[in-house]
Each structure stands twice: as structure tokens, then as C-alpha cells.
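Me: I would like to learn how to read a few features of a model. Can we go through them one at a time?
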There are 2 protein chains.
Amino acid sequence: MVLYKNTLSLMVSVLLTSMVACKNKDSSQLIHGDAAQQAYVAPGEYDEFYAFLSGGYSGQITVYGLPSGRLFKEIPVFSQYPENGYGYSEETKNLFNTSYGFVPWDDSHHIELSQQNGEFDGRWLFVNGNNTPRIARVDLSTFETVEILEIPDVAGLHCSPFITENSEYLVSGTRFSVPIPQEDVPIDTYKENFKGLINYVSLDQEHGHMELAFQIEMPGFNYDLARNGKAVSHGWSFLTTYNSEQAHSLLEVNASQMDKDLMAIVNWKKAEEYLAAGKFTERETSYYHNLMDEGSGIVNSEEKTTTKILDPKECPDMVYFIPVPKSPHGCDIDPTGEYIVGNGKLSADMSVYSFSQIMQAIEEENFDGEFDGIPIINYEAGLHGIVQKPGLGPLHTEFDGRGNAYTTFFISSEVVKWNVESKEILDRQSTFYSPGHLVIPGGETRNPDGKYLVAMNKITKDRFLPTGPEMMHSAQLFDISGEKMELILDFPTKAEPHYAQAIAADKLMSNSKKFYPIEDNTHPYATMGEGNSRVEREGDEVHVYMTAMRSHLAPDNIEGIKVGDKVFFHLTNLEQDWDVPHGFAMQGATNAELLVMPGQTRTLLWEPKKPGVFAFYCTDFCSALHQEMSGYARVSAQGSDVPLKWGLNEELSDNREAANTFYEQAKARASR
Amino acid sequence: MVLYKNTLSLMVSVLLTSMVACKNKDSSQLIHGDAAQQAYVAPGEYDEFYAFLSGGYSGQITVYGLPSGRLFKEIPVFSQYPENGYGYSEETKNLFNTSYGFVPWDDSHHIELSQQNGEFDGRWLFVNGNNTPRIARVDLSTFETVEILEIPDVAGLHCSPFITENSEYLVSGTRFSVPIPQEDVPIDTYKENFKGLINYVSLDQEHGHMELAFQIEMPGFNYDLARNGKAVSHGWSFLTTYNSEQAHSLLEVNASQMDKDLMAIVNWKKAEEYLAAGKFTERETSYYHNLMDEGSGIVNSEEKTTTKILDPKECPDMVYFIPVPKSPHGCDIDPTGEYIVGNGKLSADMSVYSFSQIMQAIEEENFDGEFDGIPIINYEAGLHGIVQKPGLGPLHTEFDGRGNAYTTFFISSEVVKWNVESKEILDRQSTFYSPGHLVIPGGETRNPDGKYLVAMNKITKDRFLPTGPEMMHSAQLFDISGEKMELILDFPTKAEPHYAQAIAADKLMSNSKKFYPIEDNTHPYATMGEGNSRVEREGDEVHVYMTAMRSHLAPDNIEGIKVGDKVFFHLTNLEQDWDVPHGFAMQGATNAELLVMPGQTRTLLWEPKKPGVFAFYCTDFCSALHQEMSGYARVSAQGSDVPLKWGLNEELSDNREAANTFYEQAKARASR
């Protein structure tokens, strides 16, 4: 069962050769004649599916339509977004508070749509921050990020945020084990001092609010990916790990020594029992919970200071391991909940486990030792079977609901279709080039919509017009409704998607909010009606209660601001129609501009540095008179006695007289 | 010639009604049967054109392929971009230095590709920052922003950066007039104190470097859009203005009083003569010039303190005006250089001017008075003719090279094709909904590639799957190769494009850089070879000379860092192959992550706040062992005596012995 250590160098050279070789592949894959029609969504028609792709190093989420492959939106989540002022506006910037301070960027990886009965319910979307461990919630009625919860005492939250079939919990595991709690210890004390955590975040079923319910202390491995059981396996979580070697340097070699690593299997219903019975330790820590108030759109940050820890040694029958060959990446469960696929990225074969066999092995205590008090289930006892030589470098598997699985092979650059029951390989299609994740709409749920498959590929090279050294990644859309997969379309994806989920359009469309009803706006600085627009001074703070309505800002002339003031522009968009945002830009502001949706109030801070008269304007082309939607703010020296003054059209009468006179003036001058 | 003032309210109500009415339009425009095939670019094939779209409030540029409408890249220009560390990395952050301080956002509007002989040469791309007045240059071999020049003493650089036909100059005009130099004056002294400037930035023909050559002081209008003459009209610039009423509040009404505004016409060859003759005033000011060094990739910022001003009153025959009805927006010149179209957005008709008639009028001094010493050319004398009742709200016009013009009508939501010579209307097609700019590849040059037209529409509402209150804008692709325009495709566009230019793929593809040759890397902190990776302390600065190569970072274990240190990670990507970037993320860093292209060095500053052991990792999935590409940095308390230490795989021998033993350990423990 154990590979000899020197096979490693062979494996690594295979990897590297494959990486180089892929660019020479024949890319003239046969495209059947209907592909253009299949991918085409005519003007006036709609795509069939929303696909939500994580942004990887962008920290955001992108929304594509299927089958057209068109980008419909980038949803800002973990990174500041100058495009609309997200993370800069006074309302939204608290989303980035963490125990490390203000962290306005991250690396977002795994999309999880909320579920009921193992199917997507279209209410919320969750995604992890991989670097500074966090989970974000996006409201799917507004496509806005409304909550970010930090997870304490972990490092790298790659293995996250996997949802249970009734949205009871989001499960996550630490990618990098660290000293818990953090302390200054030598790195080579890894084995004694570094630990892992598996985290359970509970969801409020009405509002989706997140709360850290408990954490399970685990051996210091690297927790990579996970899925929760469904149907028969509901109540259990499955998490792959790598680096059971517990190396801390050159993991490329040192964490690839072992023939098998371990998959963690957690009985979370049992964990709930221990929790209820008080079998936990409360530990002091620090993490932030940032939640947007629905009425005002203002994010409130709260620092939390304790966490509940369950120790598997104290809580028998709660956690098990089972071996998985070799350095597994994805861990995927078929629609019946019975079969669990371990995608061993350095393994020549793929192991498929049976939930009922695992249960039986646990019952019979068919264990092959233990690690740190956690029983290791006998590999063969839990094994449904092996998919023989399916390809090189299996990473992820999704399902079509017709008994078939589809696995991406990073090294051999292909998607392979196989039968879950028989483990027989049914089809393989080349991808261009190395696929990471793949997505089938609902492909991880109890009820997949097995019409399309999207492979999300790395290493794009020659798939699109070149854009210099930095390129977008490529996605490839396959029709999987027939026996053989058919390639329909290549489309580029923004940043680096690491997983996506797709949902039928009709599950979201009808709930999509068109604007914010102004009567629901509870923002304390909202201006209800242009007549209430005004400017107020409180010490060196100046609050501008400003409104926007086609095609002017009110007030649009402001005087009495002084150098050293903090000027808060609270802009309320009074429109009540779909797609009439107004923007706001202030010359010399050093943070960002605002984009304010109808009915919303957003606040920009401006700290003027020098005297003069500075322009502001609407940045969203909102009407034929958009170019006229502008104004001036006069800034006086510190200590000046220019009084606070504001207005809209105060000089109108004068100006009317002055109008239409330039010809007269001009002629008069010319005749002089 | 003068409309009565009370027609204004009628006009405004027409505008608003149209805005509301558009949502009820019949969107089932007939799509002909070949449209799918025409828009489809099969996997393995390439688009015909690159289209560069400005990002509007995002401050960036997006690159789409035509005819597929696929987004290939977002090029960060004026806004920080967490996706790759642009504007956060030590090398690039100086791009955002301005006389207002560090301004990491803007509102980008007009794309200009460099030209020779009135045709695109594919070397550089320029775009304006509308809010904090700036012009940026993108190198089209790397698709990277390499230079940003601030323009002093203007406010809003909307009217920018229009290029001359041999890339001699970029011409721009102030959108908002302001006191020059800035001073604290009442806003209602607008007419006496507020002035405009027209700016000429010269381009170094070898490197594209920008330099502010001179500025022309102008009346306090709002300078909106411009074009430079070509062929017969080479040597002249044409700039539309609005607000010749010189209003400063409620411009929607007060700047819409006059029947006509004025187009400025500048003889820049004459201006060069005055400049050479010393007829300028040198004025003290402050603006920044930020330029990236090609070898190191490091941006250097220089503050400039003087500018040369030409005064039309002192420089006869340099600047003229001609009236344009009414509140004109676009100003567009046909491929022959003879015809100039004034798109009067509130005018019922469109005025087309003749360059040769304008020249004749100037020669004959056929003037209709003057404004602030600038002669106003008689409207009829310069007029080629009027396009009668073409539609409502004309904004922009492009040309197909076959004698036809295409104009967008914002209010009546259509694109109209008309013959330039005869002014006859040939075709009109509805758009969904209100089009702003349009682009035909090369459509503003001497040699348009008149196959496609893209209308860039505002107010998207129901064109794509809804994404909450905030939606992307829609573009519509038309085939214009036949007599009638044919709608092919709707595609969404990121942020808000305000103009685009498109260029044939073969003009750029062959020059597209695939990676940075490592031997050309002159970065002072570059690490040439993994053997040179190291850590150096200089006081409280720690410099990590780090390398990345599939699949490890070197060093990957670092100790001796202390709280209060400034840790600079200088990451050199040693790969020399296409599309093998490496990323770098440090847990708890409060700025961003890095994406480093092959052969490049990029630097991230990390200021650790607490002791502990923190993980870092590669953020770009670069190989099958990418998940293993990580490391640890140990942070000790301030004043600790933990020595500086770094390594890669130092514990390898130990670890090899430890490997493969967990079964033994596990069994041993289980049998206890």
C-alpha cells in the first residue's frame, strides 16, 4: 500500500513535463455544428443559469450567464472596490475589520449557495476568505455582501465554507496549522506546537446571520476541502487533509512522502450533543463579526472574545479518519449521499468510499490504529471501489443526477465521465488546459440539473487574444445531456475561479430587488426629499445631507468648509426606478467615489487639504443632462470666517437675465 | 435662431418621459438567422478585434473581443486593484501620487490608441482620469499602465485625451472651470474668477513619454469633448463646450438656456510658433508625473512646478469659436478630415461643419463677434449642412470609411446611419436602451474598418438576468457591412464605458509580450536564482529576497522578525514561460496580495502586529503541487533576541525519517 519514496521524484517530473507539454497540445478539438446556436442567447432572451464563480486572488465573486458565458456582475466581497465605493464608504468599510486590523483584500475560493433539503433555495451565497480566515454572506435579492465573520485561530481558510443540506452549518478547516493560541515558537516545533481546527458556523434560518457555534481541535495537518453528507449521510462532514507528514518546509517534496493521507469524518450531530452537555472548553480569543443593518445599509462590527472548543479525545465517536491516496484535494459526495469521492491528486487511481460501509466499519470498530486519539477506519472497509487509471492529477468531481460523476484531471488536462456505481469510465474530453474545479448546476446537491458542465481551467496561454504576460483563465462549457460530453464554448473568467455554483435562473430572478424603497431607508443621515437637503457643522465635522435626482445634486453650491475639516457627504438617491443609480465624485478625495442605488444613502469622507473651489459631479450617466449634474464646494483656510452656506439654484434669477446675452456681449466687444 | 426659454421645460419633460418610456419598449427586435454564427468564436479560434472600453467609475479599462463580446482583461489604471496588487505594491503605488496626495481611484472616460498617419499603430493606449485630472498611458506590449501625468489647474478632465494623427499631442480641456490658480473666492464670482484651460501634452515618439507642452487659457465654460483634425485638417483641434451661460448651480436648467453653445477651434501649429517665439507666461503650479522604469518595473514620481500658458488675446489666429446648437456633447471628424459633426444633445437637428469653409471664413474674417477676445466664426459660413430631424439627443458619431456616419441618440434610443456628404438618413436601428458612445474599429481614424459597430448603452434593466439593483451596462454589436445595420449580439460591459476604441487583432497580437526576460530585470531587490534568496535586516526594516518557482517559495521558513518591523517581501518569479504567474499572500497583511509575472520582481510591505507564527502562500494555482507552495514567518516580541534565520527544506533529512511513520505511531498508540 505504501509507495516507495523515490517514486516521488518520478511523479514530480511527470507533473512538470505535463505542465510544459500542454502548450503543444492540438487545440483543434472538433466542435459540432450546433455549438454556436447552443451557446447563443439572442438579444432580448435570457440565459438559463446563473453561475457564481469565486474570484481567487481578486477576493470577489463574478456572476456569469450559462450558456452564453457572459459576465453579468462582479460582486465585491473581501476586497475594496473603487468601482462603487464598497469598502471605502462609511457604511461598508466596517466589513473589513478583523483581529489583524482593517484587511481590505483576500483570496476567495469556494462558493456555497444556501440549501433546503439538499437543494439550492436561492436565498444566500457564502464564500471564504482564504488568507485572513473569514466567511462572507451575499444576499441574493440584492447581490450585495451583507456579512463577514472571521474564524479565529486558524491560518488559511481554504477548506471552507461547506454547507449542510438544510443550511444548518457552514463547515471549515484550517489550511495551515499554527500554534493555538498563537505564540512565538520555533517553526521546527511544528509537530508539538501546531494544531488544526475544524469550525462549525451556524446559520440563523430566517436572516442567514452567521455565528461560530464550535471548533474541534485536530492534529496539525493541512485541511484542504470538504463536503457535508446529504440524505443518508446527513449529519456528517468529510474533510480531506494533506501533509499528514507534518512538514513545515518545502512541502512540495516533504508533504508528498506518504502513500496516503487522511480524510477526517465528523459526526456533527454527536458534536451538538457534546456541546449541549457542556463537554467543551471556552477559550479566550479575538475575532470580528461584521453585519450590515438592512434598513440603513450600515455595517456594525463586533469583536468576539471567546470560542467553544471540542476535543476529540474527550468526545468519543465524534471524529474519525480514513486513509485516502495520495495528497487528496477535492472530497465530493454523490446526490444519494452514499458515495464519497476522494480525489487524490498524486494518486494513479481514485478511491470511492461508501457511507454505509464506513458506518458499518465504525460500528464494528474496524480501525487501523489512531492518530492523536482519533480512530483511523480501515481503508478497505470503507471503500466502495477504485476508479482505475482515470487520468493524471484528479482534483474535483461533480455529478449529473443520472448516476454519473465528472472529474477534472489537472495534469492530463481532461474531464472524465464515469459511473459512480460501476466505477466504469464512460467518456473523456480534453480541456485547454489544466482544469481545476468544475461545476454542473446543482452538481453537488441532491438534485443536479445535469445539462451543462463548466471546466475552470488554469494556464490559458493561447485560448484567447493575448493580453501580455497576464491573462484571464479559461472556462469551457460542455453539453453533458447526451452520452458523450460536447464542447460548446470557451470563455474567459475574471481573476482565478476556485469553484463555482450554478443555479437555474428562475430560482433567483423573481426575488431580485430592483431598488431600495425609500420609505424603508432608516439611515440616520438619509435626506428624505430635496427640501431637507442641508449642511450642518459639528466642530470640525461637516455633514452634507445631499440628494440626487435626475439631473442635479442638492445642494450643489457649498461654502464655509475649511482646511482641516472632515466633510461627510451623505448622498441619498431619491429615484425609485430600476437602474437609475447616481454616482458621486469629489475632486481631490483620496479614497474613492460612490455609486448609490435608488433609495439608498451612502457616505463619502473628504478631507480638503487646500483652499479653493473644487468641483463634484455625478459619475453615472443617468440622463441626457447628466453632464450638467455637478456642483462646487468652496474651501477656505483654517480659521477663516466664511460662513457655512449652501444652495441650489439660488442665483437662478440673475442667471436668467444673463442668459442669451453672449452674442450681444460678443458683438459689443467686437464693435469696440 | 434662438429658441424661446420656455421650450426648455418642454424639452426636459420630453427627456424624462423618454427615460421612463424606454422600459416599455418592445425588445423583440428581429434577429436574423446567422447572428449566432456571426457572434460565435469557436474554441481554438480568435476574435477579429480587440475592443478597449473605458471603465467610467471603475477608473480602469476593459478589453473585450469582437465579435464574441467576451471580456479578456481588466487593465488597472487609475484605481487600486487588489486582484494583482497594482497600486499597493511598492513598485506601482507611486502611480497615484498627485498634487492632492495619493489618489487611488478615478473615473476613466476616453480611450485613445496611438496613431501614425491617422491610423492606429498598436503601440500605446491613453485614457483620462476625469475627476483628479490625469492622463494614463498603457503599454500595449504588456497591457500594463506605465505612466500617469497630472494636468494642473483644471477640474474634471472629461474632455481628454484626444490624440493628433501622428501622436504628436494629446489634447484636453477642463470640464469644470475653476479659479486659476486656485483660490478661496465666492462661487457666485464664477464669471469673473473662473477660467478654463486647453492642454497640450506632447509625446516622446520613441517611448511614448508624456510631457505637458503648454496650456491655453480660455473662457470659463465646460469643455466637454474634442477631436483633432486629420489629413486636410491636420494641425487643428476642435473642442465642444457647454455652459456658455457660465452658470454655477442647477446647470440642468441654467446651462440649458442658450440656443447655441460654442465649439473651440485651435490652430496648434500656430500655438507651437508662439511657444517657440517665447509668447507664453510661465506660471507656478504643482502637478505630478509618474513614470515606470522599464527594467525594474519601479514607478518614479516627480513633482513639476511650472507650466507654460498661452493667452489667445496675446496670440492672434490661434483660437476661434463657432456656434453649435445646443449643449453639444460629441465632436467628431470624418475620415477625410473635412467634415466635423457637432452632436448637439438638446438640438432637434445636427450641424455638420466643413473644414475648408471654416478656413475660408477665417481668411475672410467672417466673424460674428468675439468672446473674451476670441473671434466667433459665423455659424452659417462654417456649416456644411444640417442633418434634419435625425432623432432625439444625439451624443456621438463614428464613421465607416465608406462615406457614412453613425450617430447615437440617447433619448430616442437608436443608432442612425447617414451619409456625410448628402446628410441623408439611410437607416435607423433601435438600441436597448439609451446609447452613449459607439465604436467602429478605427471609426475615428483616416481608415476605419467598417465591419462592426458597438453601441454602448445606458439603462440596462431587462437585457440580462437581473443582478439586484446594480447592473452592468449593455453593449450591442451590429454588423454594418451591408446597407442596413443588423443587430447580432447583446453583451454586458463592466462598470460604465464612456467610449472605446477597437483595433484589428493582428495589429497587436504579434507584439504581445509573453513574459519578462529575467536577464532584463534591473530591480535593485531582484533575486537572481534561488541560491541568492536571503533575508537582510536594516534597522527595523527586514528585506526578504524571495524567489518563486514551481512549486515552492524560497525561503519558506523565516524567523527573527519582530513586532514593529517593516517587512518587505521582494518576490522574484524565476519562471520563464507564458502564463506561469506566482502569487503571494501573507496572513494579516493589511494592504493586498501580489501577482508576479515570470521574470518580474514585486514587493509587498507587511507590518506584523503580534507575535506568533504566520503562514504565507502562493495565490495562483500554478501546478499540481500549488497547494504545497507555502511557508511560515515567525514573529517575536519587540526587543526579543530571536536571531534572523531563514531557510528552505533545512529539516529535510529529519523529515524524511519521520515520514511514513504515522501508521506505526497510530498503531502503537491504539495498542496501548
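Me: Is Asp565(B) buried or exposed?
Reply: Buried means under 20% relative accessible area, exposed over 50%, partly exposed in between (1.4 Å probe, protein chains only). Asp565(B) has a relative accessible area of 4%, so it is buried. This is a predicted model: local features need pLDDT of at least 70, side-chain atom pairs count only at pLDDT 80 or more, and totals for chains, interfaces and linings use all residues. Residues are numbered from 1 along each chain as its sequence is written, chains are lettered from A and ligands numbered from 1 in the order written, and side-chain values use heavy atoms, without hydrogens and water.

Me: Where does Asp565(B) lie?
Reply: Helices (H or I, at least four residues) and strands (E, at least two) are DSSP runs, numbered from the N terminus. Asp565(B) sits in the loop between β39 (557–562) and β40 (566–573) of chain B.

Me: What does the side chain of Asp565(B) make a polar contact with?
Reply: A polar contact is a pair of N or O atoms within 3.5 Å; within protein, one must be able to donate a hydrogen and the other to accept it, and residues adjacent in sequence count only if both atoms are side-chain atoms. Here the partner is the side chain of Arg537(B), at 2.7 Å. The Asp565(B) side chain also reaches the backbone nitrogen of Lys562(B) at 2.8 Å.

Me: How many residues of strand β41 of chain B are buried?
Reply: Five of the five, residues 582–586, so β41(B) is largely enclosed by the rest of the structure. His582(B), Phe584(B) and Met586(B) point one way, Gly583(B) and Ala585(B) the other.

Me: Which strands pair with β41(B)?
Reply: Two strands pair if DSSP finds at least two bridges between them. β42(B) (residues 594–596) pairs antiparallel over three bridges. There, His582(B) stands opposite Val596(B). β44(B) (residues 612–617) is also antiparallel, with two bridges. Ala585(B) has Tyr617(B) as its bridge partner in β44(B).

Me: What area is buried between chain A and chain B?
Reply: The size of an interface is often given as the accessible area lost when the parts come together. Buried area is that loss (1.4 Å probe), summed over both parts. Here it is about 17200 Å², with 57% from carbon and sulfur atoms. In chain A, Leu465(A), Pro469(A) and Gln627(A) lose the most area to chain B, together 5% of what that side buries.

Me: How many salt bridges are there between chain A and chain B?
Reply: A salt bridge is a side-chain nitrogen of Lys or Arg within 4 Å of a carboxyl oxygen of Asp or Glu. The count is 10. One salt bridge joins the side chains of Lys494(B) and Glu74(A) (3.1 Å, N to O).

Technical notes. Buried area = accessible area lost by both parts, 1.4 Å probe.
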